[in-house]
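The points are grouped by topic.

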Amino acid sequence: MAQPGARPGGGAGAADMAQPGARPGGGAGAADMAQPGARPGGGAGAADMAQPGARPGGGAGAADMAQPGARPGGPSGAADMAQPGARPGGGAGAADMAQPGARPGGPGGAADMAQPGARPYANGPVQNQLLHSPNGQGYSPAVPGPFSHQAPPKVPPHQPPGQYNYSGSQNVSQLNNYQGPGQTLNRPPVSAFPGSPAQQTGPVPHVLPPPALQNSAAPSPAGSFAPGASPPVLSPWQYSQSAVGPPPGAQPGPLAHGTGTGTAQPPSSLPGGTNPPGSYQYAASPGAPPLQNSYMKPGSAPPAVTQPLTPLHPPRPPLGPPPVGGPSRPPAAVAGPPHAQPLLNSVANREGDATSGASDGSVVQNSYDAIEGGGLMATPHHSPAAPNLKMNRSVGYSYPALPPGYQHPSPPGAPGMHGSALQYPDGAKHFHQPALGTNHLNASMGGLSLQQEGLRPVNLLQERNILPPTLLKAPVPNLHEEIQKLNCNPELFRCTLTNIPQTQALLNKAKLPLGLLLHPFKDLSQLPVVTSSIIVRCRSCRTYINPFVSFLDQRRWKCNLCYRVNDVPEEFLYNPVTRVYGEPHKRPEVQNATIEFMAPSEYMLRPPQPPVYLFVFDVSHNAIETGYLNTVCQTLLDNLDLLPGNTRTKIGFITFDSTIHFYSLQEGLSQPQMLIVSDIEDIFIPMPENLLVNLNENKELIQDLLKTLPQMFTKSLETQSALGPALQAAFKLMSPTGGRITVFQTQLPTVGMGALKSREEPNQRATAKDIHLTPSTDFYKKLALDCSGQQVAVDLFLLSGQYSDLASLGCISRYSAGSVFYYQSYHHKHNPVQVEKLQKELKRYLTRKIGFEAVMRIRCTKGLSIHTFHGNFFVRSTDLLSLPNVNPDAGYAVQMSVEESLTDTQVVSFQSALLYTSSKGERRIRVHTMCLPVVSTLSDVYLGADVQAITGLLANMAVDRSVSATLSDARDALVNAVIDSLCAYRSSVLSIQQPGLTAPHSLRLFPLYILALLKQKAFQTGTNTRLDERIFTMCQVKNQPLVYLMLMTHPSLYRVDNLTDEGALNISDRTIPQPPLLQLSVEKLSRDGAYLMDAGSVMFLWIGKNCGQGFISQVLGVPNYGSIPQNMTHLPELETAESIRTRAFISWLREQRPFFPILYIIKDESPLKSSFLQNMIEDRTESALSYYEFLLHIQQQVNK
């Protein structure tokens, strides 16, 4: 099986994933998945489905499917609120959503900086800014009281009423490539309940008190929703360094305390009434200019509060004719295979193209796409900046001496400005800025040991002990140290190649995939948070200012993504940290590659939503039998006060078997009231205003319910499961606000919408053709898309001993940006070790931070383009990822290509921007920026290869390939990825052909990691992997940050019977031993030792037969080897030095991840020994090669 055999005529390699073009005479490579048309004579690759047609400038995002038209019976979506009327004389500013109505004759507001095209650029006309793109997904059609419409409702154009178009394909290679019949789905109107009792037309619910409850119901006032207003406007300078979360690791941003004359204000509270620990807020020093509207004419009255800030420069007339013609209409969806679809949204109006031109010349605002800013391709033509568009090689944070004209400049035409108004400290400052030429890249190639080491050829067949003794770290990009020290932490943002190839041809030659792996919302111990009156962004591509832009002088900065020259806003000249005026390059935004902005109101489509949590419990006989409800309700009771949120937090509960049960938690009731809806074909919500209630105001009722729920169904004989209707009910309940649905399911859904049948045949688990990796219904995917459109995410906890078709159920979380948790064979008595795992992981889940109604966009330097996304989300408009919830444990990956030669570029940058609402109701933007050098030789490309990131990206691509083609195709493609890259290295880089199998030092672990992937549950062959287990592992591959994915793929093995304090870490008064890593082979085990294997979600402590008596008694607490119990899963807390060291090491490993690995202590005769040996990647198993055999196979193919 693992011998893919010779490739006559050349089969396609996995690296083809990243390189278009078919290989003559061969089958499609794994990565052809991402290239339509690459497979001659074969069906379209999986990812072909993900790319409709060639995408010049970006094809239609799948999210277009979810754009609701006007829904019958309801006003237009909330996003339409954001469309103000035309403003004669000025473009629509983003902040105008807060001020509907025309503002005659007024120039664009200060907040217009958030929109390209909102006013004519200072440097020239906007080109192609007014091309129309379909609106992003709207919000709930029925907006509850506090979310009043801020502008007259407006029906989006070009969309038939009441239809969701599900035809667009998604740039996520999906687990479900379902094409709806006729490409459209007629969707009945969703009944929403904005706070008044519903008028029911369906059956009346019969009200039953819970068995243990006496019902004394009194009607409560409708609408217990306690809205908060949008966050108060903060003072213009609040710079808080907030400690955000337990895990250490991130460096604090350099916070210089200035010596200005001003005094720091005491910390004032942030919106939501919380003040992060260690937050500082800096007041402007008395000598500095006033902070807001500082350039008004002397004596003029202050502007009205509702007005945005007056702009610094009045708009100049555009330098060229305006674009001609009306908006480009998206063509109607056409039935047929996805790749044959017409190009939707071809000149997509990216996230910051806030304005789209209507045919009458008025300016309307696009939803979220408009808010966060435009992707790089927002302006297809070169930006109309200065003619010298070649990049000024200065990347950095200081600028050369100012020319005499800049010593006391005043912006042209700024009202009331006099030269004397700007007091620069010493006139023209002379800052040394290293030019980003050869000296910004490290010294010449030969002079650095790092360089020689990276390219040193390694004969893999001779060097057997190739695994380093410590965990592999990400390679350090070859940049000037001043630049590198400002670069993004690789745990947050890393690239498969730290040396970016200059051309696509060079990338193709290297046969390595180019892509990014992100962990954007990771818990950070320190995160600079900036509250400023202005967020500085490029006027052309909407990049946020960052450490890698260059300042031409104090007044102008050059974007590092599109090279446009932008003006530095007046407010930005003042540095709140040093309290010095005239040093924009020293501001925190330009000194930190990771930073968080408190977003002003123009980054909101509606007031920030409250945290809303809805729990949906399976209470069928099967579910009650597992005993999970006791654990979950108790954990919820223990952590109710720790749920992220504020005074607005709302909570609700639904249970289901063959009927749906709601719980009224109306104020004034002495106990919760149970409402049963038995008509699951036409689900409706009884008493909607009392089902989601304020957590703080109704805490006692909620606690009562959680205490009684586990006992309420103990006598139930109901075996059916109506999961689909329960989810529909949950969606209807949540859609007015958005929030998080948490579903607990223990079996295959059997009745109502979304009912499933078993598809697993245990004897055929391994035969590629019969593996059911695709969903059997599109119900869960469609519901997830509806959820995403209303800012609802669904998290699925599957606790099941039998097949539950996770391939279908998982779609509900995948497309709504939720998470999947799987507890195989969960049972409180038969499998008690799972109970602790569920408790620990549920506690983390309930208490970890959460971002609501989020969107994320990744931008890269001109010449590079992103074409495929991996993770749990929904692609809303070609490159805007919709994340109704974002959590700190989710990872994402993207694939890239080099579209234009980077010949004139020495470095490129990548930036991810995540716009979200915190649980405290603040709108925030977290920005990460990474800078990498560009190289022109193949040897340099190999030198900068990041083997872990390459493995992680290939694993994501292989999951897509398994789903779209077959498991064996994906396996072949992974093997071919190794063959192709080593073959290219041998033929193009090695000057002297050597015997054996030679790899560059940077890729020495590549064959080992790929072999580990082939043996992982997602991709292994053999009948011992359950289908749901395989699917769950694939879900983890797509959704886990790289560090956890690598641990799951290639476990760590340590000898622990001889731990010492030598080289130990000291963390908060604990000594953590650091034993060396061992290779994953039985050869490395000794019968007189004890070995700990850390496989990510599980740990094994293997005790050898002749293990020292001291370790057995002092760590395991038993007299001898024979007394070790068969099912031991905990180490006793003994006060011996050996016990303290061993427990400290295991605890330290566990603390570094968000899930809880069970520790199994095993002996030679333990039944779990086979699982332990299965993880010995380098040894042969019945269905897979050993590492040495795999190397011989690779060598045979490379030397052909």
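In this predicted model, strands β37 and β38 form a hairpin with three residues between them. Gly1096 lies in the turn and has a positive phi of about 85 degrees.

- β37 (residues 1090–1094) and β38 (residues 1098–1103) are paired in the antiparallel sense over five bridges.
- Within this pairing, Tyr1091 stands opposite Trp1102 of β38.
- β37 also pairs with strand β34 (residues 1052–1055), again in the antiparallel sense, over four bridges.
- Ser1052 has Asp1094 of β37 as its bridge partner.
- Five of the five residues of β37 are buried, so the strand is largely enclosed by the rest of the structure.
- From β37, Ala1090, Leu1092 and Asp1094 point one way, while Tyr1091 and Met1093 point the other way; all are buried.

**Three-stranded open sheet**

- Strands β12, β13 and β14 form an open sheet in the order β12-β13-β14, with antiparallel pairing.
- Its edge strands, each pairing on one side only, are β12 (550–553) and β14 (565–567).
- On average, neighbouring strands of this sheet are turned by 35 degrees against each other, direction ignored.
- Three bridges link β12 with β13 (residues 556–558) in the antiparallel sense.
- Asp553 has Arg556 of β13 as its bridge partner.

**Four-stranded open sheet**

- The order in this open sheet of four strands is β8-β10-β30-β27, and the pairing is antiparallel.
- β8 (493–495) and β27 (864–870) are the edge strands, and each pairs on one side only.
- Neighbouring strands here are turned by 25 degrees against each other on average, direction ignored.
- β8 and β10 (residues 515–518) run antiparallel and are joined by three bridges.
- The bridge partner of Phe493 in β10 is Leu518.

**Packing of α6 against α7**

- Helices α6 (residues 628–639) and α7 (residues 699–712) pack with their axes 9 Å apart, at an angle of about 170 degrees.
- Because of that angle, α6 is roughly antiparallel to α7.
- On the α6 side, the contact is made by Leu629, Asn630, Cys633, Leu636 and Leu637.
- α7 contributes Gln703, Leu706, Lys707, Leu709, Pro710 and Gln711.
- By class, seven nonpolar, three polar and one charged residues make up this contact.

- Helix α9 (residues 779–789) is mostly covered, with 11 of its 11 residues buried.
- The buried residues of α9 include the charged Lys781, Lys782 and Asp786.
- Gln791, which follows α9, has a positive phi near 60 degrees.
- Helix α18 (residues 1042–1049) is mostly covered as well, with seven of its eight residues buried.
- Those buried in α18 are Leu1042, Tyr1044, Leu1045, Met1046, Leu1047, Met1048 and Thr1049.

**Cysteines**

- There are zero disulfides in the structure.
- The cysteine sulfur closest to that of Cys538 is in Cys562, at 3.5 Å, which is too far for a bond. The cut-off for a disulfide is a sulfur pair within 2.5 Å.
- Cys538 is buried, with a relative accessible area of 0%.
- Cys787, in α9, also counts as buried, at 1% relative accessibility.

Definitions and conventions:
Residues are numbered from 1 along each chain as its sequence is written. This is a predicted model: local features need pLDDT of at least 70, side-chain atom pairs count only at pLDDT 80 or more; totals for chains, interfaces and linings use all residues. Side-chain values use heavy atoms; hydrogens and water are left out. Axes are lines fitted to C-alpha atoms, for helices over the stretch in contact, and angles run from 0 to 180 degrees between N-to-C directions. Helices (H or I, at least four residues) and strands (E, at least two) are DSSP runs, numbered from the N terminus. Angles under 35 degrees count as roughly parallel, over 145 as roughly antiparallel, 65 to 115 as roughly perpendicular and the rest as oblique. Contact means heavy atoms within 4.5 Å. Two strands pair if DSSP finds at least two bridges between them. Buried means under 20% relative accessible area, exposed over 50%, partly exposed in between (1.4 Å probe, protein chains only).
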